[in-house]
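Reader: I want to learn how to read side-chain contacts in a model. Can we take them one at a time?

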Amino acid sequence: MKTRISVQERLKDFRAPEPDEEYIIQLCGDTVILNNGLLVEALSRLPVWKQEMVYLSYFRRIPQREIGRRYGRSRSAAGYHIRKAVRQLHEEMEGMTHEE
């Protein structure tokens with residue numbers, strides 16, 4: 001399944017430096033097309049299971065209870081890991097924008 005994700009809708013604070021470029025990645029067996037190089041780079045720095053949890057929660061809108069079940073964790077543990085991963089993404093992306 002191909003999923004087109006508008007990063008501007010999800011992470012409004014960060015703009016793609018090259019907005020017309022598309023980045024194709026694989027998450028949870030899905031082909032995902034992103035248009036933000038900073039997000040792609042930041043995601044690549046997370047462990048795969050955290051990438052997947054963020055994808056399932058924010059882009060597929062799967063409930064944390066279900067995500068926790070898939071990864072052998074409670075709903076609250078899944079929520080904790082998702083929030084922590086999103087904070088990491090923000091920090092990574094912010095750091096990369098300051099490097100330029």
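Reader: Which residue meets R45 in a salt bridge?

Author: The general idea comes first. Side chains of opposite charge can pair when their charged atoms come close. Now the case here, in a predicted model. R45 and E41 meet through their side chains, with 3.1 Å from N to O.

Reader: Is R45 buried, partly exposed or exposed?

Author: R45 is partly exposed, at 44% relative accessibility. E41 is partly exposed too, with a relative accessible area of 34%.

Reader: How many salt bridges are there in the whole structure?

Author: A search finds 5. One of them joins D30 to R60. Their closest N and O atoms are 3.0 Å apart.

Reader: What does the pair D30 and R60 tie together?

Author: Look at where each partner lies. D30 is in strand β3, residues 30-34. R60 is in the loop between α3 and α4. The two parts are 30 residues apart in sequence, so the pair ties them together.

Reader: And accessibility: is D30 buried or exposed?

Author: Under 20% relative accessible area counts as buried. D30 has 8%, so D30 is buried. R60 has 33% and is partly exposed.

Reader: Which residue meets E66 in a salt bridge?

Author: R69 does, at 2.6 Å from N to O. Both sit in helix α4, 3 residues apart, which is about one helical turn. E66 is partly exposed, with a relative accessible area of 22%. R69 is exposed, at 58%. Elsewhere, salt bridges that share partners join E41, R45 and E92 into one network.

Reader: Now the rings. How many aromatic pairs are there?

Author: The count is 1. The pair is Y55 and F59, with 6.3 Å centre to centre. To name the geometry, check the angle between the planes. Under 30 degrees is stacked, over 60 is edge-to-face, and the rest are tilted. Here the angle is 35°, and the pair is tilted.

Reader: Where do Y55 and F59 lie?

Author: Both lie in helix α3, residues 48-59. They are 4 residues apart, about one turn of the helix. Y55 is buried, and F59 is buried as well.

Reader: Which residue lies over the face of W49?

Author: R73 does, at 4.7 Å from the ring centre.

Reader: What is the average pLDDT of the chain?

Author: The chain averages 86, and 79% of the residues score at least 70. Then go element by element. Helix α4, residues 64-70, has the highest mean, 98. Helix α1, residues 7-10, has the lowest, 50.

Terms used. Residues numbered from 1 in each chain as written. Predicted model: local features only at pLDDT ≥ 70, side-chain atom pairs only at ≥ 80, totals over all residues. Heavy atoms only, no water. Phe/Tyr/Trp six-rings, centres within 6.5 Å; stacked < 30°, edge-to-face > 60°. Buried < 20%, exposed > 50% of the residue type's maximum accessible area, 1.4 Å probe, protein only. Lys NZ or Arg CZ within 6 Å of the ring centre and 35° of its normal. pLDDT = per-residue confidence, 0-100. Salt bridge = Lys/Arg side-chain N within 4 Å of Asp/Glu carboxyl O.
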